[in-house]
Amino acid sequence: MSDAPIRLRCRMNPELSIRAMRAGIKEKPLRARRPWMRFAVLIICVVLGMFGGNALARLGWMPPGEVALGFGLGFLAALVLWQVTWSRQSRRVARRFERAQQIAGETEMELGPEGFTMRSQLGESRMRWAAVQAVFALAGGSALRIGATTIAMPDEALPEGMTPEDLRARIENWRAAA
């Protein structure tokens, strides 16, 4: 396999970067430390729904036999809250990303045996392969995970004749040798 540097040039894509961030989250140890959090939020919503259903039954707005409906309402409220929060956060991240990309312009990446360099109108960053914890495939690209950061590399920026699999294999070889 060649040690010749790989040069990529592109405008970073917010959707691809958000996919990279979401994919990178799955591997972070922080999620493994608090798996109970989602369950706790669900239980709280169900209990609140139960109390709400019970309160409605006491007010005569709901027959007592249908208090179980409160469980369903609590569950539904949890799902709606999660979806609204996630969607709002994703849109906020995308807007910030778009503003930053308008300032940064095109990004150039050079990947080689020693590591990689990223350049834009905002500055330049160099990383050694030892800093990269994971290389993974995305729909429409590949990504590098470096701590809490993920860097997306769109497939359309690859040099002619190079496949995404080739790119990831070269990076993995460079990482193994580092």
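Strand S2 (residues 107-112) pairs with S3 in the antiparallel sense, and 5 bridges connect the two. The model described here is predicted. Within this pairing, Glu110 has Thr117 of S3 as its bridge partner.

Both strands belong to an open sheet of 4 strands, ordered S1-S2-S3-S4 and paired antiparallel. Strand S1 (6-10) and S4 form the edges of this sheet, each pairing on one side only. On average, neighbouring strands are turned by 10° against each other, direction ignored. In general, the strands of a sheet pair through backbone hydrogen bonds, in either a parallel or an antiparallel manner.

Another open sheet consists of 3 strands in the order S5-S6-S7, again with antiparallel pairing. Strand S5 (134-138) and S7 each have a single partner strand, so one side of each is left without a neighbour in the sheet. From one strand to the next, the twist averages 25°. S5 and strand S6 (residues 141-146) run antiparallel and are joined by 5 bridges; here Leu138 stands opposite Gly141 in S6. Helix H5 (residues 164-177) packs on this sheet and touches S5, S6 and S7, its direction making about 175° with that of S5.

Methods. Residues numbered from 1 in each chain as written. Predicted model: local features only at pLDDT ≥ 70, side-chain atom pairs only at ≥ 80, totals over all residues. Heavy atoms only, no water. Pairing = 2+ DSSP bridges. Axes fitted to C-alpha atoms, helices over the stretch in contact; angles between N-to-C directions. Contact = heavy atoms within 4.5 Å.
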